[in-house]
Amino acid sequence: MSLRRISVTAVRNLHPVTLSPSPRINILYGANGSGKTSVLEAVHLLGLARSFRSTRLNPVIQYEQPTCTVFGQVEVGDEGATSNLGVSRERQGEFTIRIDGQNARSAAQLAELLPLQLINPDSFRLLEGAPKVRRQFLDWGVFHVEPRFMATWQRLQKALRQRNSWLRHGTLDAASQAAWDRELCLASAEIDEYRRNYIKALKPVFERTLSELVELEGLTLSYYRGWDKDRELVDVLAGSLLRDQQMGHTQAGPQRADLRLRLGANNAADILSRGQQKLVVCALRIAQGHLVSQVRRGQCIYLVDDLPSELDEQHRRALCRLLEELHCQVFITCVDHELLREGWQTETPVALFHVEQGCITQTHDHRE
């Protein structure tokens, strides 16, 4: 799976541009503020219909323009078949998603066609941030390897909304309350099973990948499902009913799940250096790419913003080698592309794009 072509209009400071990227490695280089990260942001818009840099639309849409638009032709499968994707976002918040000429119902359809992995300076939040960040990471992987996940997750969300509304307003009768609790428990059990199976598959791949980047004796990855592992959720909900009513929401369940990375007895984020944290996050995201590749035709597309920062030459080379071994499409930004000169095998296709004041120019392969 790769982007054969991408056209970008009115995204931040980028001039209108159409690119034909390499199916493997693409390096975008230029001075800070030139627009390199905006190219990654455009790919992210195409894959998820939202930015990774801002929750607000106004900064993403070019000044005095009403709409930003990204089109892409995606190669899917091994036989050269393609899909045409298009996303437009308006300042008022409206957005349109088109897939092969038809309006799409949701961004989930984009995500399924164009699985993206993002490694950027904010990736530290995966270790340092709230459990929600790690749940999103976990559920991204489960979504792409377990076809039943999305429907079950939607059932879970509906049951949670109903129960939380009842906790706040007391508008359900006893029979309805019991029915929604039962649905919540059933959906929760399924989500927990999907997540546990995924983590069981992820752990050995993560550990192997991490060992190729850095030696961290005693680092462990574990999964907390969101309620006591020794009790059924129905019993936990019954025991916490009074407190849930006082709080106005359900406190136990898969919506409270977490991934825990520990170094010995300590939270890994409290012990590791920034460079070590970056390597751990990279190992997690590369491990996810391997799992997705095993169950889908094609691979993830990796967006790597400012790869050289906080990594020495040895770790840069190791990370490039791991990205290369995924045999997927990678977009990397950096200030000085010479820092990545020796990162790739000579037979690996590498495209270079110089970005300057919003203008993008394809240059020669830096190994030629």
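**Note on the predicted model**

1. Asp-244 touches Arg-163, Leu-167, His-249, Thr-250 and Gln-251, leaving out residues up to four places away in sequence. The residue lies in helix α8, which spans residues 241–247. Asp-244 is buried, and its relative accessible area is 0%. The model is predicted, and the values below are computed from it.

2. Overall make-up. The protein contains 11 helices and 15 strands. Its radius of gyration is 22 Å, close to the 21 Å that the globule rule gives for 368 residues, so the protein is as compact as a globular protein of that length. Along the principal axes, the C-alpha atoms fill a box of roughly 70 × 50 × 40 Å.

3. Burial and contacts. Of the 368 residues, 53% count as buried. The accessible surface comes to about 17600 Å², and carbon and sulfur atoms account for 46% of that area. Taking contacts between residues at least 6 apart in sequence, 71% join residues at least 24 apart.

4. Charge. There are 45 positive and 44 negative side chains in the protein. The centres of these two sets lie 6 Å apart.

5. Strand β13. This strand covers residues 329–334, and six of its six residues are buried. Side chains in a regular strand alternate between the two faces of the sheet. In β13, Gln-329, Phe-331 and Thr-333 point one way, while Val-330, Ile-332 and Cys-334 point the other way. Both sets are buried.

6. Partners of β13. On which strands does β13 find parallel partners? One is β3 (residues 25–29), paired with β13 in the parallel sense over five bridges. Within this pairing, Leu-28 has Thr-333 as its bridge partner, and Tyr-29 has Cys-334. Another is β12 (residues 301–304), which runs parallel to β13 and is joined to it by four bridges. Here the bridge partner of Val-304 is Ile-332.

7. Strand β3. Five of the five residues of β3 are buried, so the strand is largely enclosed by the rest of the structure. Ile-25, Ile-27 and Tyr-29 point one way from β3, and Asn-26 and Leu-28 point the other way. Besides its pairing with β13, β3 runs parallel to β14 (residues 350–356), with five bridges joining the two.

8. Where does Cys-328 lie? It is found in the loop between α11 (313–325) and β13. Is Cys-328 buried or exposed? Cys-328 is buried, with a relative accessible area of 1%. Setting aside residues up to four places away in sequence, Cys-328 touches Pro-23, Arg-24, Gln-299, Cys-300, Tyr-302 and Leu-323. Of these, Tyr-302 falls within the residue range of β12. Cys-328 and His-290 are 38 residues apart in sequence, and their C-alpha atoms are 10.0 Å apart in space.

9. The open sheet β9-β10-β11. These three strands form an open sheet in that order, with antiparallel pairing. β9 (219–224) and β11 (266–267) stand at the edges, each with a single partner strand, so one side of each is left without a neighbour in the sheet. Strand β10 (residues 258–263) runs antiparallel to β11, and two bridges join them. Arg-262 stands opposite Asn-267 in β11.

10. Gln-73 in β4. Gln-73 is found in strand β4, which covers residues 67–76. Which residues is Gln-73 in contact with, once neighbours within four places in sequence are left aside? They are Ser-2, Leu-3, Arg-4, Arg-5, Thr-82, Ser-83 and Asn-84. Gln-73 has a relative accessible area of 16%. The cut-off for buried is under 20%, so Gln-73 counts as buried.

Terms used. Residues are numbered from 1 along each chain as its sequence is written. This is a predicted model: local features need pLDDT of at least 70, side-chain atom pairs count only at pLDDT 80 or more; totals for chains, interfaces and linings use all residues. Side-chain values use heavy atoms; hydrogens and water are left out. The radius of gyration is taken over C-alpha atoms; the globule rule is 2.2 Å times the number of residues to the power 0.38. Buried means under 20% relative accessible area, exposed over 50%, partly exposed in between (1.4 Å probe, protein chains only). Contact means heavy atoms within 4.5 Å. Accessible areas come from the Shrake-Rupley method with a 1.4 Å probe; for residues, only the protein chains shown count as cover. Lys and Arg count as positive and Asp and Glu as negative; His and the chain ends are not counted. The place of a charge is taken as NZ of Lys, CZ of Arg, CG of Asp or CD of Glu. Two strands pair if DSSP finds at least two bridges between them.
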